Amino acid sequence: MKVNTVVVCGGGGFIGGHLVADLLKKGAKQVRCIDVKPLDEWYQVHPEAENIVADLNLRDKAFEACKGMDTVINLACNMGGMGFIEKNKGLCMISVLINTHLLMGAREHGAQRFFYASSACVYNADKQKDKKLDVYLKEEDAYPAMPEDGYGWEKLFSERMCRHFREDFGVSTRVARFHNVYGPNGTFEGGREKAPAAICRKVIHAKLSGDHSIEIWGDGLQTRSFMYISDCLKGIYSITESDIIDPINLGSSEGVSINQLVDIVEDIAGIKLKRSYNLDAPKGVNGRNSDNTLIQKLLGWQPNTRLRDGMEKTYRWIYDQMAGRYPAKAREAVAAGR
Ligand code: NAD
């Protein structure tokens, strides 16, 4: 990305923290980072950036955010994994205010580019009924609209807002539909975590506590694909710079079932756990994968991090966050491979 002056909205979050770090590394002239959470709750704080705590639902804050910025990246959203979005539909939908006010601010202050982070949750639920690895969702599968209730509708509406601000007011919008992004420096507990981090946490707990069991949400046969954070960042840059005006998939097409994801984490941890299945827990659609035909054709983009490698890095980071909570003896036993 031709980095100049960039505001990263939601920069205290998982993807935002990594993006700010990378923009600074690339020598961006000015990086403004905004999040509603207090600074000590941001996953990463980069002193070289302009770090601002503000609620971007508010029109004035969103306008100030865009002032003097060439590029507006909107990653700010009240969201989480299935455990959060199934139970907080109203809260998820309020985030339409963030994107709407940021688009208005970008228009007012003449931003040259506006990037919006949408989601695979916009896709029509009818197309995701099969528990198969090859449920590849193409961009046109978002319509006729029947997205994930709450969160998915917020994303679909905000995509539409981007389109109409581009068509009617000339704001140069770009939209990516992220498919499950994972990596270090993100949520792994507290109710907003997603499957890769939650499974790492459960396996690490089993290992350090000696209770060699794991509860899996659903029957474990539901399928997904997961994109490592560094691949996501490259995709954000490519899409933001590109001439692609319609929403486009940004995800891995390496499908796995949740059971297979648990296999991978068990393998990393060097442990085998007794599995139980909670069929009443939130589990989302049955099968979902990213059809990458369009992004490969238009941008030549494809993720180059294997799931096993990305999960290893994620596991190690979560392990470091958790290890201090367990008795030293447990950690020593793990270090000694016992
Ligand atoms: P995240 O929750 O870690 O980051 C989002 C940040 O937005 C949080 O730090 C939150 O505090 C902030 N925020 C929420 N409301 C705000 C407000 N009113 N004002 C200012 N900041 C506010 O999530 P993430 O994983 O980094 O996701 C970033 C974006 O990508 C989100 O829009 C999300 O919907 C989208 N997305 C993520 C994934 C994924 O797997 N991580 C998948 C699909 C889409």
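Tutor: Let's start with V36: one of its backbone N or O atoms lies 3.2 Å from a nitrogen atom of the ligand. That is a polar contact, meaning a pair of N or O atoms within 3.5 Å; within protein, one must be able to donate a hydrogen and the other to accept it, and residues adjacent in sequence count only if both atoms are side-chain atoms. Please keep in mind that this is a predicted model, where local features need pLDDT of at least 70, side-chain atom pairs count only at pLDDT 80 or more, and totals for chains, interfaces and linings use all residues. Residues are numbered from 1 along each chain as its sequence is written, and side-chain values use heavy atoms, with hydrogens and water left out.

Side chains take part too. N57 places a polar side-chain atom 3.3 Å from a nitrogen atom of the ligand, while a polar side-chain atom of K194 lies 2.9 Å from an oxygen atom of the ligand. On its own, the ligand has 810 Å² of accessible area, and the protein covers 93% of that (by the Shrake-Rupley method with a 1.4 Å probe; for residues, only the protein chains shown count as cover).

Who stands around the ligand? There are 27 residues, and the closest are I15, D35, D55, Y151 and V181; a residue is near a molecule or strand if one of its heavy atoms lies within 4 Å of it. This shell is made up of 14 nonpolar, eight polar and five charged residues. Here Ala, Val, Leu, Ile, Met, Phe, Trp, Tyr, Cys and Pro count as nonpolar, Asp, Glu, Lys and Arg as charged, and the others, Gly among them, as polar.

Now for the elements behind the shell. At least two residues each come from α1 (14-25), β5 (113-119) and α6 (151-169), and β5 gives the most, with three. These names follow DSSP runs numbered from the N terminus: helices are H or I of at least four residues, strands are E of at least two.

Another loop, between β7 (173-178) and β8 (181-182), holds N180, which has a positive phi of about 30 degrees although it is not a glycine. Most residues other than glycine have a negative phi, and most peptide bonds are trans.
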